[in-house]
Amino acid sequence: MTEEPRIGVYVCHCGFNIAGTVDVKKVAEFAKTLPNVVVAKDYVFMCSEPGQDLIKADIKAHNLNRVVVSACSPSLHEITFRTAVSEAGLNKYLLEMANIREHCSWVHHDKEKATEKAKEIVRMAVAKARHLEPLEELEVKAEPSALVLGGGVAGMRAALELANYGFNVYLVEKAPTIGGKAALIGYIDPKTKGPDVVSKMFDRIKDCPRIQVLTNAELIQLSGFAGNYNAKIRINPRYVNEKCTLCGECEEVCPIEVSNEYNFGLNKRKAIFLPFSNAYPPYYAIDYRVCVKCGECEKVCRFGAINLKEEPKTIELKVGSVIIATGYDPYRPFKGEYGYGLHQNIITLFQLERLLDPESPTKGELIIGGKVPKSIAFIQCVGSRNTTPGAKEYCSRMCCTTAINSAIKIKEKYPDTNVYILYKDIMTYGSDETLYEEAGKKLVQFIKFEDKIPKVSITPEGLFIDVFEYTIQENIRIPVDAIVLSIGMLPPRDIEELIAVTRVSCGGEGFVREAHLKLAPVEAPTKGIFLAGCITGPKNILESIRMGSAAAAKAMSLLSKGKITIEPMIAQVNEEKCSGCAICVGVCPYSAISIKKVNGDRIAYVEKALCMGCGTCNAACPSGAMQHLGFKDIQLLAQTRAVFGGEMNV
Amino acid sequence: MSDSKGEFEPKIVVYACNWCTYAATDLAGTSRMSYPPNVRIIRVMCSGRVDPQFVLQAFADGADGVIVAGCHPPADCHYIEGNYKAYRRFELFRKLLETMGIEQERFRLEWISAAEASRWVQVVNEMVAQLKKLGPLKPNLEVRE
C-alpha cells in the first residue's frame with residue numbers, strides 16, 4: 001500500500017429508522033477515534049442528494065481515499081454510494097458499507113445496546129476499509145452472435161428472437177431436419193397441434209437470412225468465455241443437396257430398411273428418406289450410420305442431388321453466447337413393463353400420436369394390430385412418478401393432457417370404442433382442465449389407481465387389465481383390444497457428451513440444472529450459456545417456447561452493448577507465492593483456473609472472464625497466493641479482529 | 001463480555017453468504033423482527049469463501065461462538081456448489097475444535113435461505129441461549145494424554 005488510508009465515516013439517521021434506536025451522534029464521535037479516520041459525520045439522509053454531496057465535498061476537502069457509509073444494507077445503497085464516491089474522483093471499490101439499519105436499529109429495541117452494537121459494526125467496516133484497494137473493471141468485446149443447440153421449438157424460438165434483434169444465429173441440430181419432437185406430436189390447444197406451430201416457425205426461419213441452420217451437426221468442442229466462445233461443430237454428411245425435388249425415386253430403389261424413428265418405430269424407413277413431409281431443410285437425407293453406399297440412389301436421381309463422396313467436415317464458429325435446447329428423450333419402457341414389447345397391440349403414447357396423424361402409415365386411422373380397437377385403455381405415469389422401479393420421481397407434465405386430448409379425438413371419430421384412462425392423478429393444469437371435463441362428457445372412463453399399479457395380462461382370449469379401483473375400492477378386470485402407455489420424459493441419451501463439452505451440470509433427475517431457480521433462471525452457471533426447453537426438465541410445448549424466448553432475451557441483454565464488463569471482485573494469483581499445487585483448479589466450480597508454466601514454474605492462472613467471484617479457491621489455497629479481491633484474507637481477518645477491538649496492521 | 005447487570009452476554013461472529021443468509025438477515029430487519037444484539041455479521045460472497053482460519057481468529061480474539069451460514073444444499077448455492085465446499089471443510093473443522101478445547105456447540109454451520117428470516121432469528125436465539133449455558137469460552141490449552 002503506497003498511501004496511508006484517510007477514511008471518512010458517514011453515519012446516516014435514515015430519518016428515525018436508525019436515529020430512533022441508535023444514538024448516531026455517539027457513533028460518529030466514536031468513529032473519529034478509530035485509526036485512520038480523518039472525518040466522521042452524521043446526517044439525516046445520507047442517500048439524498050445533499051447527503052451524497054456532503055461525502056463528495058469531504059473527499060475533496062479532506063483528501064479522503066476511503067469512505068465508510070454507516071447506513072442500510074449494501075444490497076440497497078452500495079451502488080448509490082459507489083457512484084457518489086466515483087463522481088468525486090475516488091475508485092468506487094474504496095467504499096465500504098456498515099449495515100446499522102437492517103442489522104441493528106430495526107431488530108433491536110434497547111437504545112444503549114443498539115448504539116454499542118452500531119459502534120462495533122462501524123469499527124468492523126473501518127477495519128476492512130483500511131485494507132481496501134482500488135479495483136478496475138475490465139471490458140471484453142462481445143460477438144453479436146449466438147449458437148443455439150437443438151432445433152426443437154425452444155431452440156427455434158430462441159433463434160428467431162435473436163435474429164429479429166439483429167444477431168447472427170447458428171442453429172445446430174443433430175438430426176437431418178429441425179423441428180424436434182413437437183414436429184411429430186403434441187397438443188397445444190384443441191385447434192392447434194405441435195406440427196402446426198412448428199411449420200409456422202419453419203416459414204419464418206426460411207425467410208430469415210440471419211439464421212444459419214446446420215443439420216446433421218453437433219458441437220464437439222467449446223472454448224472461450226462469455227462474449228467470445230469458440231465452437232467446433234462437426235457436420236456429418238447428408239449426401240443429398242438442395243437440388244433435391246422430393247420426387248422420391250431414390251427411396252424406392254434403396255435396399256436398406258430400418259425402423260422409422262420419426263414414427264417412433266411404428267413402421268420402417270429407407271436409408272435415404274424424408275423425415276416428414278414438411279421437414280426443413282426441405283430435401284431428402286441419407287442416414288450416414290446405415291447407408292452401405294451401393295450407389296443405387298445416385299444412379300436413379302435425375303437432378304444430380306446426391307453425392308455419396310461427401311465427407312464429414314468440422315467448422316469453427318465464433319459466438320458470443322450459447323443456448324442449449326437439446327430437449328428430452330421419451331421414456332423407454334422395459335420389455336414386459338405393462339406387457340410392452342410382448343404384444344403388438346401395446347403401444348406408447350408417442351406411437352399413438354403418430355398413428356392419429358394424417359401422415360401416418362394408416363393415414364390417421366386408429367388401426368392397431370390390423371383393426372380399429374373396440375376398447376382401448378391408456379395407462380398414465382409410465383416411467384414417471386415412481387410407478388415402477390425404473391420410473392422417475394417427477395411428473396412429465398405433458399402426458400395427461402396429450403392422452404386426454406387423444407382420447408377425445410378417438411371418441412369423436414369412433415364413438416363406439418370404449419376408452420379408458422387409468423391414472424394416478426390427473427395433471428391437466430391451467431386451461432387444459434377444460435379438456436378433462438370435456439373427456440368426461442364424451443364418456444371417456446377414468447379409473448383411478450393409487451400405489452397398486454395396474455397389471456396387464458396377455459391371454460389367448462385377448463388383453464386384460466386388472467386394477468384396484470381406488471374410488472370404489474374394488475378389484476376390476478377390463479378386457480381391452482389395445483393399450484397405450486403414456487410414457488414420460490427422460491434426459492436425452494447424449495447428455496453426458498453435452499456436459500463434457502459445455503461444462504453444464506446436472507441435477508438429481510439427470511436434467512441440466514439452471515444456475516439458480518429463483519435468482520438466475522434460464523442461465524447455466526457459466527456466464528454466457530443459457531438453457532431452454534426440456535433440457536432442464538419436462539415441459540409442454542408452450543412452456544418450452546416461452547423458455548426459448550427467455551433464453552434469447554438473456555443472451556441479448558448480455559451481448560447487446562457489444563462488450564461485456566467483467567466484475568473486478570474476482571480471484572487473483574500472487575505469482576510469487578503460488579507453488580502450482582493446483583488445489584484451486586479442483587475446487588473452482590467454473591473451470592476458470594488452470595496451471596500455466598511461467599519461466600518454467602507452475603503457476604495458477606485465472607481466466608478473468610470465467611471467474612464468477614465466489615472465493616472458494618481463496619479459502620482452499622494453502623499458501624494464501626490466491627486472493628478474492630474485495631474479500632481478501634487480510635480484509636476479512638481485519639473485519640473479524642475488529643469485532644473485539646483488535647487490528648491488522650496495514 | 002457481560003452487560004450492565006453483570007449477566008454474561010456471549011459474542012457471536014457470523015460469516016454470511018451474500019445471496020442467501022445475508023439476504024435473510026436483511027429481511028429480518030425489513031420485517032422488524034427482533035433478536036438479541038449478540039451477533040456481528042461479516043459478509044462474504046459464498047460460504048465456500050470462509051477460511052477456517054477466520055473462525056480460529058475469531059475464537060482466539062474472544063468470540064464465544066461462530067456461525068458460518070450459506071445457501072441450502074443441494075441447489076440453492078449461487079456458485080453451484082460452494083455450500084458443499086463449506087460443508088466439507090467445516091464438518092472436518094468441527095472435529096478439530098474439540099481437540100483445541102473448544103466445545104463443538106460453539107460452532108454452527110447453517111443453511112438459511114433469503115426468505116428464511118425467521119430461521120435466522122431462531123438460530124440466533126438458540127445460539128445465544130446455548131452459549132449462555134456454556135459460559136464464556138475458556139480454551140483448554142492443557143495437553144491431553
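Guide: Chain A holds 18 helices and 34 strands (DSSP runs numbered from the N terminus: H or I of at least four residues, E of at least two). Its radius of gyration is 32 Å, well over the 26 Å that the globule rule gives for 650 residues, so chain A is more spread out than a compact globule. That radius is taken over C-alpha atoms, and the rule is 2.2 Å times the number of residues to the power 0.38. This is a predicted model, with pLDDT of at least 70 needed for local features and 80 or more for side-chain atom pairs, while totals for chains, interfaces and linings use all residues. Residues count from 1 along each chain as written, chains are lettered from A and ligands numbered from 1 in written order, and side-chain values use heavy atoms, without hydrogens or water.

The C-alpha trace of chain A spans about 95 × 65 × 45 Å along its principal axes. Of its 650 residues, 58% are buried (under 20% relative accessible area; exposed is over 50%, partly exposed in between; 1.4 Å probe, protein chains only). Take contacts in chain A (heavy atoms within 4.5 Å) between residues at least 6 apart in sequence: 69% join residues at least 24 apart.

Now the close look, in chain B. Helix α1(B) covers residues 21-30 and is mostly covered, with seven of its ten residues buried. The buried ones are B:Thr21, B:Tyr22, B:Ala24, B:Thr25, B:Asp26, B:Ala28 and B:Gly29. After α1(B) comes B:Arg32, with a positive phi near 55 degrees.
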